[in-house]
2 protein chains.
Amino acid sequence: MARVPRSTYHHGNLRQALLDAGRQELRGHGAAGLSLRRVARVTGVSQAAPYRHFDDRNALLAALAAEGFLELHHRFIADDRSEDPPRCRLERLGRTYVRFALDEPALFQLMFSAELDELQARDDTLRSAGEQLYGALQDAVRGLVPDPEQFRVGCASAWSIVHGMALLLLHGRLPADRSCREQLVDAVTAQFALGLERIAADACHGSVAGDGGRRR
Amino acid sequence: MARVPRSTYHHGNLRQALLDAGRQELRGHGAAGLSLRRVARVTGVSQAAPYRHFDDRNALLAALAAEGFLELHHRFIADDRSEDPPRCRLERLGRTYVRFALDEPALFQLMFSAELDELQARDDTLRSAGEQLYGALQDAVRGLVPDPEQFRVGCASAWSIVHGMALLLLHGRLPADRSCREQLVDAVTAQFALGLERIAADACHGSVAGDGGRRR
DNA sequence: AACTAAAGTTAACGCCGTTAACTTTAGTTT
DNA sequence: AAACTAAAGTTAACGGCGTTAACTTTAGTT
């Protein structure tokens, strides 16, 4: 447990230092195991110091989650290739999403944890960061599924499948060791995007899908 | 806080009573907020009594999760209609999965929480309950996608999409109020099952999907 | 140079998980 | 029936936690 001593009484940039230490705590102990006292200790500051910068433990978690949303959004932008066809762009976005979840499992789970649901309602920074992310997903789906009604369903499907896959993978629930993980992710996203593309194409030819009724 | 007094020194069926109280705690405070001491208090027993029946707090959570897996599996069986065509059966299973998650959000999240990942490796009851569930899903997918390689991808996709949708819905992340929730679930599962059916049908006609066409 | 508000400290409260040492009881053995 | 034993429950304690109140130090302004 690294205790960082410091020369000046005032830290200078404690808020960010706490966030950095919190990020490490997250990696080491998960969101549930994150202890505010330990974060303070590692940062070399008293147990009560964090309360000058965060209302409570949840506020620190919310700030960490907001960082996570922004970071994931940046990855979306960095990985995107606007010259690719819509299907490839959607696939790429899905892979980026899953890769992020596997890179930062605790942060990712925090971003979608029950504790944050209520905070998201109040914390504007957090909410807008989350909405920004959903916007990026919507853009990617819109290119593939222009029809408004199908678009809604398409967005929900797309987010659901990558979100579910990310969580199941990082919990070791899907039978996929590290070597074939990427293959599986590629196959699932590709298959999904292909299916979406076809359904969208069908819709253009007059038939209405999405009613779940029997159609051969 | 209901404190239940009792006449006899020995409780008689404390283990199950603790599980029942734990289930209530889960509903009221979530898995993270479940306090062993409070469970004991509500059950009308001393704070140390639970340790005669569970190694520690995690063991109680694991037992609750195992109950959850069994319950969900029973719902699968109860809702299934073996006379329905494969696609309908898969859709129905998906709806059952999501409905369970929305009925018992805290229990569902517990079943797939990080804390349980390690326990699942050791606790045989818990692991087999989880595997039983995956077996039911596999059966439903197999009817639709016989080809072995596509079957693997199909299982992962199917589980991912319902799992992701369940979590996103119960976190209020998908823009769907209570009224249109069921419609959305129906539409997503139907669209997915339809896509899966078609891809499987394509495979029978010689073309091999699953790699999603060109890959960078 | 004095003042003030921000930033950090110490000490305390109550809750928690967990353990050790003890007591009560139900069931078995003699 | 009496004695024994092991299971099941109790009390009391330890240390860690989140949080707050009251205090101190410091940087920046007047």
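Across the interface of domain 1 and domain 2 of chain A, in this predicted model, eight residue pairs are found in polar contact, both residues being at pLDDT 80 or more. A polar contact here is a pair of N or O atoms within 3.5 Å; within protein, one must be able to donate a hydrogen and the other to accept it, and residues adjacent in sequence count only if both atoms are side-chain atoms.

The same interface holds four salt bridges, a salt bridge being a side-chain nitrogen of Lys or Arg within 4 Å of a carboxyl oxygen of Asp or Glu. The side chains of A:Arg23 and A:Glu104 meet in a salt bridge at 3.6 Å, N to O.

The two domains of chain A span residues 1–54 and 56–204, with bounds from an automatic or database domain assignment. The contact takes 15 residues from domain 1 and 13 residues from domain 2, with contact meaning heavy atoms within 4.5 Å. About 1300 Å² is buried between them, of which carbon and sulfur atoms give 64%; buried area is the accessible area (1.4 Å probe) that two parts lose on being put together, summed over both. A:Arg23, A:Leu26 and A:Phe54 supply 44% of the area that domain 1 buries against domain 2.

Turning to the two chains, 51 residues of chain B are in contact with 53 residues of chain A. About 4300 Å² is buried between chain B and chain A, with carbon and sulfur atoms giving 57%. In chain B, B:Arg173, B:Gln191 and B:Arg198 lose the most area to chain A. Two salt bridges are found across this interface, and B:Asp117 forms a salt bridge with A:Arg173, the closest N and O atoms being 3.3 Å apart.

Residues are numbered from 1 along each chain as its sequence is written, and chains are lettered from A and ligands numbered from 1 in the order in which they are written. Local features need pLDDT of at least 70, side-chain atom pairs count only at pLDDT 80 or more, and totals for chains, interfaces and linings use all residues, while side-chain values use heavy atoms, with hydrogens and water left out.
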